[in-house]
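Here are my notes on this one, in the order I'd go through them with the model open. Have a look and see whether you read it the same way.

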Amino acid sequence: MLRPKIAVLVSGGGTNLQALLDAARAGTLSSGDVALVVSSRPGVYALERAEAAGVPAVVVKRKGRSADDFERELLDTLAAHGIDLVVLAGFLCILSPDFIARYEGRIVNVHPSLLPAFGGRGFYGLAVHEAALARGVKVTGATVHLVNEIPDGGKILLQRAVEVREGDTPETLQRRVMEQAEWILLPQAVQALCEELAGRADGGRP
């Protein structure tokens, strides 16, 4: 069976990347290989995580250049490594419809809320948790979804609820959502997508 090659796109510390690397090491992510890490910024800790795991890592800088030039280099990099599945894991760049079409149904993102709540442009990182606390919700969580041309608007694959506790700060809530939802859901979703892609390649389910 074909083992899809996975690229993980990052812009920061790479905690969700680490969840995938840990799942691969534990054997719970077994139907695909994390073959490449791409960072939109130099010097981020995610690159050190990739190096420690023996995964090739490259920087494709976004700052100071046009979106067209950035995406052209990114597509060339993915093609050069034979990438089948793209995972956005704290990747702070919105991809164009043309880019998404090249990997239709094969780009997945993890978002720290129960979409469609607290999603879309401007909702990333601590801003999501600040908004949840400001609204006074009692339950939040995380969502893994396919990426389409609408930010955080693609098909939902998995969701998991997380309790909001009295006295929570954006930082404490962020940590709990990562630990109880993001780091669990993302490897599960990537495993399922790899199984589906391998099945397509073998002439199985569409």
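1. Start with the crossover: β4, α4 and β5 form a β-α-β unit, and its hand is right-handed. Keep in mind throughout that this is a predicted model.

2. The two strands of that unit also pair with each other. β4 and β5 run parallel and are joined by 3 bridges. If you want a spot to check on screen, V86 has I107 of β5 as its bridge partner.

3. What does β5 pair with in antiparallel fashion? That would be β6, through 4 bridges.

4. β5 is mostly covered, with 5 of its 5 residues buried. I107, N109 and H111 point one way from the strand, V108 and V110 point the other way, and all are buried. Note that N109 and H111 are on the list of buried residues too.

5. Next, helix α3, which spans residues 67-80. With 14 residues, α3 reaches 20 Å from first C-alpha to last, close to the 20 Å expected at 1.5 Å a residue. F70, E71, L74, L75, T77 and L78 are its buried residues. They all sit on the same side of α3, because the arc they cover around the axis is only 160°.

6. The buried residues, for their part, are covered by elements including β1 (5-10), β2 (33-39), β3 (57-59), β4 (85-88) and α4 (97-102). After the helix comes G82, with a positive phi near 65°.

7. On to the cores. The largest nonpolar core has 35 residues, and I6, V8, V87 and V190 have the most contacts inside it. The elements giving two or more residues to this core are β1, α1, β2, α2, β4, β5, β6 and α6. Of these, α6 (170-201) gives the most, with 10 residues.

8. Leaving aside residues up to four places away in sequence, I6 touches L29, G32, D33, V34, A35, L36, I83, L85, V87, V190 and C194.

9. Last, D152. Where is D152 found? D152 lies in the loop between β6 (139-146) and β7 (156-163). The phi of D152 is near 60°, again positive in a residue other than glycine. At 19% relative accessibility, D152 falls under the 20% cut-off, so D152 counts as buried.

Technical notes:
Residues are numbered from 1 along each chain as its sequence is written. This is a predicted model: local features need pLDDT of at least 70, side-chain atom pairs count only at pLDDT 80 or more; totals for chains, interfaces and linings use all residues. Side-chain values use heavy atoms; hydrogens and water are left out. Buried means under 20% relative accessible area, exposed over 50%, partly exposed in between (1.4 Å probe, protein chains only). The expected span of a helix is 1.5 Å times one less than its number of residues. The arc is that of the directions from the helix axis to the C-beta atoms. Contact means heavy atoms within 4.5 Å. Two strands pair if DSSP finds at least two bridges between them. A crossover is right-handed if, with the strands pointing away from the viewer, the path from the first strand over the helix to the second runs clockwise. A nonpolar core is a set of buried Ala, Val, Leu, Ile, Met, Phe, Trp, Tyr and Cys residues joined through side-chain atoms within 4.5 Å.
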